[in-house]
Amino acid sequence: MPYIGTKVYSDGGHYIAIPLENFPSKQRKRKKPKPTTTPKTDGTPPTTPKDKFETAYKESQSLPKRERKKYIADKLKAEFKTAEQVKEFVESNIERKKNNAYKRYTRLWRKVHLQKEWNYFVTFTYSDEQHTEETFKKRLRNALKHAVNRNGWKYIGVWEHSPEKQRLHFHGIFYIPENAMIGEIVEVKDYSTKSHRMQTTYQNTHFLKEFGRNDFKAIDIPNDISQSVKYLLKYIEKSGEKLVYGGKLPTYFKSDILDEDIACGFGVDEKKLLLFDNFECIDEGVLMGKVSPEVIEQMPKAN
């Protein structure tokens with residue numbers, strides 16, 4: 001008997017199905033809002049222990065790992081009666097941050113693997129001759145939004161300040177359809193102040209004119225994609241910035257799954273299904289063909 005409307009994702013090597021009947025949705029009860037604390041007499045809003053934790057957690061990321069927990073605990077010790085309460089609060093919230101990060105990373109990799117092609121790793125660098133940081137960020141976001149809507153671009157990126165000069169950059173992996181490039185890619189040779197030698201970059205003339213220095217590095221082999229994503233993850237771990245998505249980047253596609261296309265159970269209690277590499281994709285009873293980037297493109301998507 002087939003599994004109907006199953007969510008399917010790729011882990012980069014295999015396709016995994018998540019049958020709805022094995023993961024019934026739970027109706028979440030809305031939590032009653034907790035009473036707010038009394039406002040301070042100087043007019044500033046109250047700061048909760050969670051607010052202070054978030055601030056201290058962000059500040060601690062510049063410290064060695066072994067010192068981070070102590071730094072956060074020191075910032076919060078005035079909020080609790082005992083050291084044990086501080087320890088319990090800090091550890092539970094660090095665990096919460098780890099779980100949330102794991103979910104974000106998992107979702108990111110599934111989106112990356114489901115997109116049939118990534119062809120550029122791109123860096124845009126803030127130029128103070130053309131913009132302030134605020135206008136650079138605002139107008140670049142707007143330019144990329146237009147590229148998505150009008151030219152079919154897709155991207156996943158992150159904002160980052162360089163360690164030494166604190167100059168703002170945007171790094172991202174991009175899918176730019178054939179004949180959808182804005183401007184032209186030209187080869188530029190210049191001197192790198194970082195490596196202290198001549199370098200060759202490939203810059204886009206449109207973005208060079210509107211924003212300044214950029215680098216469109218072609219992604220030629222699958223391993224380049226993994227390395228590029230790990231590069232982005234390094235920045236969000238270091239800076240605490242969130243990933244920025246552009247274009248339709250689903251996490252799953254949906255398909256009916258036949259029993260003969262299941263290799264075995266997978267994961268905790270084998271509730272997920274490991275599929276054969278040539279399984280049939282079926283949309284509401286209609287056979288769409290064996291799994292391939294072209295067939296996946298036609299299947300309904302989900303997040």
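## Contacts of Phe207

Two residues are in contact when heavy atoms lie within 4.5 Å. The model here is predicted. Start with Phe207. Setting aside neighbours within four places in sequence, Phe207 is in contact with Phe124, Leu140, Ala143, Leu144, Trp153, Gly212, Asn214 and Phe216.

## The nonpolar cores

Phe207 also belongs to the largest nonpolar core, which has 21 residues. Phe207 is among the residues with the most contacts inside this core, along with Phe124, Leu140, Leu144, Trp153 and Phe174. Which elements give two or more residues to this core? They are strand S3, helix H4 (133-151), strand S4 (154-161) and strand S5. Helix H4 gives the most, with six residues.

There is a second, separate core of 17 residues. Its members include Phe121, Ile173, Leu233 and Leu243. In soluble globular proteins, nonpolar side chains tend to be buried together.

## Aromatic pairs

The whole structure holds 22 aromatic pairs. One of them joins Phe121 and Tyr231 edge-to-face, at 5.4 Å centre to centre, with 80 degrees between the planes. This pair links distant parts of the chain. Phe121 lies in strand S3 (residues 120-125), Tyr231 lies in helix H6 (residues 222-239), and they are 110 residues apart. Tyr231 is partly exposed, because its relative accessible area is 31%.

Phe124 and Phe174 form another edge-to-face pair, 6.3 Å centre to centre and 70 degrees between the planes. Here too, distant parts of the chain are linked: Phe124 in strand S3 and Phe174 in strand S5 (residues 168-175), 50 residues apart. Phe124 is buried at 1% relative accessibility. Phe174 is buried as well, at 0%.

Ring pairs also build a cluster. Its members include Tyr120, Phe124, Trp153, Phe174, Phe207 and Phe216.

## Charges over rings

Which rings have the charged end of a Lys over them? The charged end of Lys111 sits over the ring of Tyr245, 5.6 Å from the ring centre. The charged end of Lys271 sits over the ring of Phe23, 6.0 Å from the ring centre.

## Thr6 in strand S1

Thr6 lies in strand S1 (residues 3-10). Thr6 is buried, because its relative accessible area is 0%. What does Thr6 touch, not counting residues up to four places away in sequence? It touches Ala17, Ile18, Pro19, Phe253, Lys254, Ser255 and Ile257.

Definitions and conventions
Residues are numbered from 1 along each chain as its sequence is written. Side-chain values use heavy atoms; hydrogens and water are left out. Helices (H or I, at least four residues) and strands (E, at least two) are DSSP runs, numbered from the N terminus. Buried means under 20% relative accessible area, exposed over 50%, partly exposed in between (1.4 Å probe, protein chains only). Rings of Phe, Tyr and Trp (its six-membered ring) pair if their centres lie within 6.5 Å; planes under 30 degrees apart count as stacked, over 60 as edge-to-face and the rest as tilted. A charge sits over a ring if NZ of Lys or CZ of Arg is within 6 Å of the ring centre and within 35 degrees of the ring normal. A nonpolar core is a set of buried Ala, Val, Leu, Ile, Met, Phe, Trp, Tyr and Cys residues joined through side-chain atoms within 4.5 Å.
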